[in-house]
Amino acid sequence: SNVIRIYTILPPEFYEALNYYNLHNSDTKLYVLQGVWIEEPEESNYYHAKIQREFQKEIIDVLNVIHGNAIIAPRSGHASGTYASNISPYVIGIILGREWEPKAVSQTNLVNTTNHYTGQFISVNNATPMEVWLAQMMNFTVLYETQSYGSHRPVSFVNWLTLDPMYHTMEFVENKKIREYDNDKESIDLRKFNASELFAPGIFASYHVYPYYPDFIYLQKEYADAINRYGQKDNFVGYLRDLKAYHPGMPLVIAEYGLPSSRGNSHYTPDGLNQGGLSEKEQSDLSVRLSYDIADTRCAGAVYF
């Protein structure tokens, strides 16, 4: 492992420890993918003024923290303290947000009409309002770090299977009491996003991908019939090939993957890539297999969750 992904601002001790470690281990440095957390929006609309204001404040705090230039007051459920350790040389990218709920994406697209945005660093055209909002937040991130610190780094946002740009035909409702949201109704398409010539680090695709959810990842025939390097049927590698083909010329990071060893099991798959119910040996053996799948599809990186 050479990268740690963190989802929000951690206590100052984390950044101090990372600096200390890297100063004393110059041949095996650890790098960071720094996340910017966001809460679910009021009225399921990401354009809500309070949500935008709070998210931009969180972006500013994150960038000040990684440059060792922040004092954050105590707040329930959040890290706080004096941040004086500059870890920016080790931060290889910023990932905005979380797994966006399709219901909120639908509502955001329903009540807003804007379809394009041109910022100094990031632009998007022929887009949904949600995609425009994400482009605005990405541009805000790059602009603040450029103006405040004279530096910038690659930027992305969280995406996942329920919002991927591909068309999926297989949806499955397990029983009448479970009414899942249509996992193919909304999409967020990074191919619409462009980095300007002023932003050399550029953008990258960042996806959470698991082999057991949503159901289309193992029900869709071209995924279920895919063969991996071991000659085994492997729906995970089938999906990754499709996802990679949809992002030509753009680095694709699998920012979450893995299998749980929990006693309970939330989702079964035909190939045993289940959401739980695995022994620790099964968990590790199958996770190695998933890691090779990611490498074999020429993704830019993988973060084990």
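Strand 8 (residues 155–160) and strand 10 (residues 205–208) run side by side in this predicted model, pairing in the parallel sense over 3 bridges. That pair belongs to an open sheet of 7 strands, ordered 1-2-5-8-10-11-12, with parallel pairing.

- At the edges you'll find strand 1 (3–6) and strand 12 (301–304), each of which pairs on one side only.
- Going from one strand to the next, the twist averages 25°.

- Helix 8 (residues 280–296) lies across strand 11 (252–257) and strand 12.
- Relative to strand 11, helix 8 runs at about 170°.

**Helix 2**
- Helix 2 covers residues 49–66, which is 18 residues, so at 1.5 Å a residue it should span 26 Å; the end C-alpha atoms are 26 Å apart, and the two agree.
- Its buried residues include Ile51, Phe55, Ile59, Val62, Leu63, Val65 and Ile66.
- Gln52, Glu58, Asp61 and Asn64 are also among the buried residues of helix 2.
- What do the buried residues of helix 2 pack against? On the helix side, their partners are helix 1 (12–24) and helix 4 (129–149).
- On the strand side, those buried residues pack against strand 2 (31–36), strand 3 (70–72), strand 4 (81–83) and strand 5 (91–96).
- Just after helix 2 comes glycine 68, with a positive phi of about 65°.

Terms used
Residues are numbered from 1 along each chain as its sequence is written. This is a predicted model: local features need pLDDT of at least 70, side-chain atom pairs count only at pLDDT 80 or more; totals for chains, interfaces and linings use all residues. Side-chain values use heavy atoms; hydrogens and water are left out. Two strands pair if DSSP finds at least two bridges between them. Helices (H or I, at least four residues) and strands (E, at least two) are DSSP runs, numbered from the N terminus. Axes are lines fitted to C-alpha atoms, for helices over the stretch in contact, and angles run from 0 to 180 degrees between N-to-C directions. Contact means heavy atoms within 4.5 Å. The expected span of a helix is 1.5 Å times one less than its number of residues. Buried means under 20% relative accessible area, exposed over 50%, partly exposed in between (1.4 Å probe, protein chains only).
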